[in-house]
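This briefing sets out selected features of one protein model for computational work. Please read it alongside the sequence and the coordinates.

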Amino acid sequence: MTAYAFDPSPAPSVAITGSDDRFPVRRIFCVGRNYAAHAREFGNDDRDPPFFFGKPADTVVDSGSTVPYPSLTKNLHFEIELVAAIGTGGFRIPRDAALSHVWGYGVGVDLTRRDLQDEAKKTARPWDWSKGFDDSAPCGPLVRADKTGHPESGRIWLAVNGTVKQDADLTELIWPIADIVSICSEGVRLQPGDLIFTGTPAGVGAIVPGDKVTGGVDGIGEIEFVVGPVA
Ligand code: MN
């Protein structure tokens, strides 16, 4: 047995629908833009190939939590996303085999310190501080793909204090799940426990302390959290 200088941190994990087991999270990959209308709202070409960024695994937060309003920002944004959870690893996975690597799906929110991201884009600096801060990846319970199938359509939505802000359909994904998994695996060796946040539709916006965020993907699940006081 390996001896460590101190006890390692517990494995980050997310809930599983209908089970007491939890899904251990290894890495989190996020797609930069994957819905045409959202790409256009940031002035980008909607035919660009997908690109990825990461969040640390321990940024996951369960649905039902209070998420502290992060430091360093005055413009915290929500981005509702379908999350694909990898159950079988692979490198350079062909598109037609990609879905067999997906263990299940969930609904996540890619929280973003938009003002820091805007500054990072302007100055060509890394996105990490705008995307990978503490508690930046709320993720609802995962549901096994052998129960839901692999979603190709279905409403994806997010509301703040009951007012719908994002409302789209998975058919609007520029790159469907199989493409995303395959293309991601060209850049990294995917492993069981990896989560892929597959991009957000149009309608992103700011949230402030006290706001209640709810969202969902039809046939997959829902997520909710409250924005807490400034960390
Ligand atoms: Mn996103």
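The cover over the buried residues of helix α5 (177-187) includes β3 (28-31), β4 (52-55), β8 (80-86), β9 (102-109) and β15 (195-197), where contact means heavy atoms within 4.5 Å. The model is predicted: local features need pLDDT of at least 70, side-chain atom pairs count only at pLDDT 80 or more, and totals for chains, interfaces and linings use all residues. Residues are numbered from 1 along each chain as its sequence is written, and side-chain values use heavy atoms, with hydrogens and water left out. Helices (H or I, at least four residues) and strands (E, at least two) are DSSP runs, numbered from the N terminus.

**Helix α5**

- Eight of the eleven residues of α5 are buried, and the helix is mostly covered; buried means under 20% relative accessible area, exposed over 50%, and partly exposed in between (1.4 Å probe, protein chains only).
- The buried residues are Ile177, Ala178, Asp179, Ile180, Val181, Ser182, Cys184 and Ser185.
- Ser182, a residue of α5, has a relative accessible area of 8% and is therefore buried.
- Leaving aside residues up to four places away in sequence, Ser182 touches Ile93, Pro94, Arg95 and Ala98.

**Manganese site**

- Three protein donors hold positions 2.0 to 2.2 Å from the manganese ion: Glu79 (OE), Glu81 (OE) and Asp110 (OD).
- Donors are N, O and S atoms within 2.8 Å of the metal (3.2 Å for Na, K and Ca); water is not among the atoms, so sites may look incomplete.
- Along the chain, the donors follow the spacing E-x1-E-x28-D.
- Glu79 lies in the loop between β7 and β8, and Asp110 in the loop between β9 and β10, so the pair ties together parts that are 31 residues apart in sequence.
- Glu79 counts as buried because its relative accessibility is 4%, and Asp110 counts as buried because its relative accessibility is 0%.
- Beyond residues up to four places away in sequence, Asp110 touches Phe53, Lys55, His77, Phe78, Glu79, Glu81, Lys131, Ser136 and Phe197.
- The C-alpha atoms of Asp110 and Thr198 are separated by 9.8 Å, although the two residues are 88 residues apart along the chain.

**Helix α2**

- In helix α2 (residues 114-123), the buried residues are Arg114, Gln117 and Ala120.
- Viewed down the axis of α2, these buried residues fall within an arc of 120 degrees, so they line one face of the helix; the arc is that of the directions from the helix axis to the C-beta atoms.
- An α-helix has 3.6 residues a turn, so residues three or four places apart point the same way.
- The packing partners of the buried α2 residues are β7 (76-78), β10 (112-113) and α3 (128-131).

- On a 1 Å grid over the protein atoms alone, a cavity is a set of points where a 1.4 Å probe fits but cannot get out, and a pocket is an open set with protein on both sides within 12 Å along at least five of seven lines; lining residues have an atom within 4 Å of a point.
- Grid points are joined across faces, edges and corners, and a volume is the space filled by probe spheres set on the points.
- Two cavities of 30 Å³ or more are present, and the largest cavity holds about 100 Å³ of space.
- Of the 14 residues that line the largest cavity, Gly32, His38, Gln117, Lys121 and Trp127 lie nearest its centre.
- Two or more lining residues come from each of α1 (36-41) and α2, with α2 giving the largest share, three residues.
- The lining of the largest cavity has five nonpolar, four polar and five charged residues; Ala, Val, Leu, Ile, Met, Phe, Trp, Tyr, Cys and Pro count as nonpolar, Asp, Glu, Lys and Arg as charged, and the others, Gly among them, as polar.
- The largest pocket has a volume of about 170 Å³, and its lining includes Arg95, Leu99, Tyr105, His150, Ile177 and Ala178.
- Eight nonpolar, two polar and two charged residues make up the lining of the largest pocket.
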